[in-house]
Amino acid sequence: MLIKKCHITSEIHHRLVIQIENMDPNRRMNVEEALAMLQAMSEAESEGGEKTDGESDEGEVKDPSFSTEEESSSEDWEPTPRKRPRVLVAARPPTPLPMLSHQPADAVTDKPVSAHHDSHETGKDGTLWIPENPGLRTGRVKSNNVLTEGAGPTAHARRNIDDPLSAFMCLMDPVMLKHICDCTVAEAHRCGEEGWKLSFAELKAFIALLLARGVHNGRIVEDLWSQEWGLPFFSTTMARHRYRDIMRFLRFDKKDTRRSRLGNDKFALVSEVWDRLVQNSIACYKPGSEITAGEQLLPTKTGCPFTQYMPNKPDKFGIKFWLAVDVESKYMLNGFPYLGKDPSPSATQSQGESVVLELMEPFLGNGRNVTTEHFFTSLPLAHKLLAKNTSLVGTTNKNNKSLPPSAHQRAALFTTKVMKSDQATLTIYQEKRKKNVCILSTMHRSVEICDDTKKKPETVNYYNRTKVGVDMLDKMLRQYSARATTRRWPVAVFYNILDIAAMNACVLYRGCTGSNPSRPVFILELCKLLRKEHISKPKVGILPSFPEKRRNCGVKRNCRENKTTKTCMVCQRGVCGQCKGIVNVVCADCVCGYSTITFS
């Protein structure tokens with residue numbers, strides 16, 4: 001009976017082998033293991049050859065239904081109970097089955113075959129990585145790669161933008177301009193200039209001069225008003241001394257409340273203006289499916305308490321900003337400054353994770369992808385973003401504890417190794433003989449290999465295409481920048497605010513109107529509109545009431561600070577008799593733009 005039973009098991013085994021050959025490669029491994037256990041049990045039951053009368057090799061009692069006639073006619077025979085399942089004392093270990101395939105061992109199939117779990121690798125923190133072969137993309141696209149909202153200017157921006165000035169005013173709104181005016185006038189009054197004033201129109205004309213100077217390659221201020229080398233745009237917009245006075249008193253916070261605010265915010269001297277710009281930028285534009293998170297270094301060597309040294313940047317010293325930029329349009333979406341090491345770091349996440357989560361907070365949950373550098377990329381960050389329907393692609397440090405040991409090993413040049421951990425894919429590409437690149441992605445299910453000479457994987461090409469958002473924005477801002485030499489870091493930040501506002505305004509104007517002007521043409525047109533209201537006002541008006549007391553001459557062209565009670569009606573400085581014009585007490589500097597006035 002045992003021999004017949006073993007024969008039936010072999011026949012069943014043969015049928016299962018034929019069915020397994022036609023199975024999917026991913027399911028074949030589990031079925032082969034189950035079949036190996038079944039074969040081992042059958043071999044254990046049929047082991048031992050012929051059986052002796054009354055007892056088997058392992059002391060098993062024979063079934064009476066299969067006894068001989070002599071045994072059945074014995075008078076001492078009694079019915080025995082049915083055979084109980086025996087316990088295998090020394091069963092042989094299961095013998096692994098060979099790979100069931102009609103192809104030769106060296107044949108290459110088009111379908112990717114999953115690696116066996118015995119070849120997995122484990123990171124230092126216990127992360128399990130399973131190798132996979134690069135292959136074609138199969139199945140549907142992940143939900144975190146499908147953008148669920150339209151990209152471009154928002155409805156608020158489309159309703160309010162019809163020219164460059166309205167696009168710029170959506171970002172530098174009247175609330176910001178009023179705050180700058182109030183703080184600048186308060187500083188002038190604190191310095192003893194009781195009658196000093198600054199209007200919205202004059203502040204916009206001042207901003208127009210800063211932006212126009214950036215288009216003309218940031219020339220020296222003295223040259224811009226020069227009669228021989230200067231530009232008529234500057235001399236007809238504002239007097240040089242008036243420009244200097246505004247620059248002297250320019251402030252972005254009030255000094256009487258600064259001490260209390262600095263205790264909680266190191267960026268308090270300009271934080272209100274910066275935060276307002278970020279809020280307006282978020283409200284006016286919806287990014288596309290690809291966003292870059294990175295760092296920008298604003299070059300300055302002023303006495304700033306959080307100046308950084310970054311040797312990999314063109315200007316080694318400056319203020320560092322964390323920025324999120326739309327890859328397609330180079331629109332600055334979100335950002336904040338780096339103010340030094342956090343005194344109370346979080347024990348659950350690193351600084352890179354905190355920065356990316358804060359930058360991406362307004363854009364989570366809509367199927368976008370964020371590309372990061374090795375400082376930000378980590379496996380916990382990828383899982384947190386994936387839980388909010390946002391994927392991540394970025395390079396990662398080799399000293400990351402979650403990486404497998406093979407990330408530190410060298411391979412053949414231009415070879416790729418792909419490993420998976422849960423929903424994250426790790427690509428290890430041997431870019432150089434002594435250097436490989438590790439890219440972590442939750443966007444790619446599988447990794448394709450290009451047919452070029454370097455055989456770059458798909459993840460490497462995608463990272464190279466989308467990593468340039470912040471770097472390209474910084475390069476474009478430097479090309480036409482309002483930056484100039486200054487000893488005050490809030491003014492340096494204000495220059496950066498103007499550059500970003502002009503860049504974002506150009507993107508909004510193109511998206512709302514359909515026209516596509518170049519950036520310098522857009523900025524120059526914006527400058528004309530910014531100064532229009534200021535130059536349309538009469539140059540000579542009613543004098544403000546000043547106390548009738550003698551003071552030093554503020555012009556000092558033909559004198560040595562003579563005492564005077566006269567005031568220039570244009571720049572409102574004290575002017576003595578040697579430095580005044582003939583008509584209506586206009587100083588010699590301000591009268592140069594009027595052909596009807598002559599010098600005394």
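This is a predicted model: local features need pLDDT of at least 70, side-chain atom pairs count only at pLDDT 80 or more; totals for chains, interfaces and linings use all residues.

Q: Why does Thr154 count as buried?
A: Buried means under 20% relative accessible area (exposed is over 50%, partly exposed in between; 1.4 Å probe, protein chains only). Thr154 has 11% relative accessibility, so it counts as buried. Thr154 lies in the loop between β3 (152-153) and α4. Leaving aside residues up to four places away in sequence, Thr154 touches Ala283, Cys284, Tyr285 and Lys286, where contact means heavy atoms within 4.5 Å.

Q: What makes helix α5 mostly covered?
A: In α5 (residues 164-171), 7 of the 8 residues are buried; helices are DSSP runs of H or I with at least four residues, and strands are runs of E with at least two, numbered from the N terminus. Among the buried residues of α5 are Leu165, Phe168 and Leu171. The elements covering them include α4 (155-160), α6 (174-190) and α17 (489-513).

Q: Why is α13 called roughly parallel to α14?
A: The axes of α13 (residues 351-360) and α14 (residues 379-387) come within 10 Å and cross at roughly 25°. That crossing makes α13 roughly parallel to α14, because angles under 35 degrees count as roughly parallel, over 145 as roughly antiparallel, 65 to 115 as roughly perpendicular and the rest as oblique. Axes are lines fitted to C-alpha atoms, for helices over the stretch in contact, and angles run from 0 to 180 degrees between N-to-C directions.

Q: Which residues make the contact of α13 with α14?
A: Glu353, Val356 and Leu357 of α13 meet Pro380, Leu381, Lys384 and Leu385 of α14.

Q: Why is strand β7 described as largely enclosed?
A: Of the 10 residues of β7 (residues 317-326), 9 are buried, so the rest of the structure largely encloses this strand.

Q: How do you know that β7 pairs with β5, β6 and β8?
A: Two strands pair if DSSP finds at least two bridges between them. Strand β5 (residues 290-299) is joined to β7 by 9 bridges, strand β6 (residues 308-309) by 2, and strand β8 (residues 332-337) by 5.

Notes
Residues are numbered from 1 along each chain as its sequence is written. Side-chain values use heavy atoms; hydrogens and water are left out.
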